[in-house]
Amino acid sequence: MAGPIEQFEIKPIVTLFEFAGQEIAFTNSAAYMVGVAVFGGLFLLLSTSARALVPTRLQSITELIYEFVSKTLRENAGEGGMTFFPLVFSLFVFILIANLAGMFPYAFTVTSHIIVTFSFAMIVFGTVTLYGIWKNGLGFFRLFLPSGVPLALAPIIVPIEIVSYISRPISHSVRLFAVMLAGHITLKVFAGFVASLGSMGTLGIFAAVLPLAMTVALTALELLMAVIQAYIFTMLTCMYLNDALHPGH
């Protein structure tokens with residue numbers, strides 16, 4: 001039986017070329033990311049193609065996702081945050097579909113790799129930093145000295161705020177990566193118990209009831225966490241975008 005870590009192994013599908021002694025290949029991770037992007041794009045196009053006044057089930061799902069993301073963005077970044085709606089909406093849909101796709105047996109979970117989640121976090125970090133400086137100029141750096149803080153505390157507060165700001169991509173990415181990684185490992189371990197005990201005969205089958213129940217419960221929990229983690233990543237993105245729009249508040 002495959003170990004619980006083997007499900008995260010990145011395997012080359014097609015070798016494209018070699019550069020500086022390194023193999024550049026199209027991997028299973030890249031294939032799943034392309035598949036998630038294509039599936040998400042097709043789903044949104046097909047579900048909204050009719051644009052019916054009385055929406056179908058698929059159109060209702062798309063409209064609910066649209067309203068959910070737009071409401072989250074407005075509540076955390078204000079009306080001006082709607083400028084970034086395409087970015088936030090794309091991140092939410094991609095992460096949600098990628099998380100849910102990883103729940104299928106033998107599927108690959110791209111969000112269980114830190115390089116993927118860190119890339120998303122860096123996109124957000126770069127957007128917030130560049131847009132914040134472009135829109136506010138030097139006023140963007142008021143972010144490191146919140147309003148109401150006495151200037152006498154600036155030598156203490158400013159370094160803390162700078163370190164906190166720089167570490168955002170790490171905390172933003174590790175949260176999603178760690179939850180998906182730990183959840184799938186735990187699920188695989190309990191599923192392995194079921195298979196191992198079930199192969200031991202009648203007594204083993206009875207003993208497998210408890211780990212089977214845990215596997216079912218963990219599967220439900222993982223489905224819930226797949227949605228929650230997509231929401232948390234999106235909500236934090238909106239909060240960070242608010243800093244670019246309203247630094248120092």
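Which helix gives the most to the lining of the largest pocket? In this predicted model, that helix is α6, with 6 residues. Both α6 and α8 supply at least two residues each to this lining. The pocket has a volume of about 690 Å³ and is lined by 24 residues, among which Gln 7, Pro 105, Tyr 106, Ala 107 and Lys 188 lie nearest its centre. The lining comprises 11 nonpolar, 9 polar and 4 charged residues.

The second largest pocket has a volume of about 240 Å³. Its lining consists of 14 residues, with Phe 39, Phe 43, Leu 96, Ile 97 and Leu 100 nearest the centre. Helices α1 (28-48), α2 (57-77) and α3 (85-101) each provide at least two lining residues, and the largest share, 6 residues, comes from α3. By class, 13 of the lining residues are nonpolar and 1 is polar, with no charged residues.

A search of the whole structure identified 2 salt bridges. In one of them, the side chains of Arg 168 and Asp 243 meet at 2.5 Å, N to O. This pair links distant parts of the chain, as Arg 168 belongs to helix α6 (residues 168-198) and Asp 243 to helix α8 (residues 209-245), 75 residues apart. Arg 168 is buried, at a relative accessible area of 16%, and Asp 243 also counts as buried, at 11%.

A salt bridge also joins Glu 79 to Arg 74, with the closest N and O atoms 3.2 Å apart. Here Glu 79 is exposed, with a relative accessible area of 54%, whereas Arg 74 is partly exposed, at 37%.

Notes:
Residues numbered from 1 in each chain as written. Predicted model: local features only at pLDDT ≥ 70, side-chain atom pairs only at ≥ 80, totals over all residues. Heavy atoms only, no water. Salt bridge = Lys/Arg side-chain N within 4 Å of Asp/Glu carboxyl O. Buried < 20%, exposed > 50% of the residue type's maximum accessible area, 1.4 Å probe, protein only. Helix = DSSP H or I, 4+ residues; strand = E, 2+ residues; numbered from the N terminus. 1 Å grid on protein atoms, 1.4 Å probe; cavity = no way out; pocket = protein on both sides within 12 Å on 5 of 7 lines; lining within 4 Å. Points joined across faces, edges and corners; volume = space filled by probe spheres on them. Nonpolar A, V, L, I, M, F, W, Y, C, P; charged D, E, K, R; others polar.
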